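Have a look at the structure first, then work through them one by one.

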Amino acid sequence: MSEQIIEPSDIPSRSQLKRENQELRDMGEQLVLLAKSQLEKIILDDFLKAAIKEARRLKNLDARRRQIQYIGKLLRNMDVSDIKYSLDKLNHQSQTFRQHFANLEEWRDRFINEGNDAIEDFVALYPQGDRQQLRNLQRQACREKATNKSSTASEKLFKYIRQLTD
């Protein structure tokens, strides 16, 4: 019978565990403070949704703090990478948001410059996209670009692809 030897470096320190738990509580508080429309965009399990709804309902600060601690405890038992990514996308200061925004601008420019080829590539990635609406917005944006008018169609195109990707 062989016993597995646990190296001291494999065990996180108490301080490290406290920091990780504090990060999860902070994430829980961010979830509680999100607008309802933003929260609906994040995929959460039913227990977590119910806990967040309860925390929003509470007015007493101590009760709300305890509920946020409970949300942190729920987050400890799940993979939070998708939640963290979604929160970063919603945070306008984050690197993830800027990358997502730059990606959307790149798609818009590809639509205007490449036309149907770019639209087909986009629809392959996002099948919920409406080809006809994308083509109409792309044509309007190309006309505006050719006549040097204001870029309202380009902005509409950007908003539409942003809606599809969020």
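Before we start: a residue counts as lining a pocket if it has an atom within 4 Å of one of the pocket's grid points. Also keep in mind that this is a predicted model.

**Exercise 1.** Find out which residues line the second largest pocket, and which helix gives the largest share.

*Solution.* 
Step 1: Start with the space itself, which comes to about 240 Å³.
Step 2: Helix H1 (14–33) and H5 each bring at least two residues, and H1 has the largest share, with 6 residues.

**Exercise 2.** Sort the lining of that second largest pocket into nonpolar, polar and charged residues.

*Solution.* 
Step 1: Leu, Met and Val, for instance, go with the nonpolar ones.
Step 2: Count up: the lining holds 4 nonpolar, 2 polar and 5 charged residues.

**Exercise 3.** Now describe the largest pocket: its space, its centre and its lining.

*Solution.* 
Step 1: The space is about 440 Å³.
Step 2: Of its 19 lining residues, the ones nearest the centre are Lys41, Ile42, Ser86, Lys89 and Asp166.
Step 3: Helix H5 (81–90) and helix H6 (95–114) are the elements that give two or more residues to this lining. H5 has the largest share here, 6 residues.
Step 4: By class, the lining splits into 8 nonpolar, 4 polar and 7 charged residues.

How values were computed:
Residues numbered from 1 in each chain as written. Predicted model: local features only at pLDDT ≥ 70, side-chain atom pairs only at ≥ 80, totals over all residues. Heavy atoms only, no water. 1 Å grid on protein atoms, 1.4 Å probe; cavity = no way out; pocket = protein on both sides within 12 Å on 5 of 7 lines; lining within 4 Å. Points joined across faces, edges and corners; volume = space filled by probe spheres on them. Helix = DSSP H or I, 4+ residues; strand = E, 2+ residues; numbered from the N terminus.
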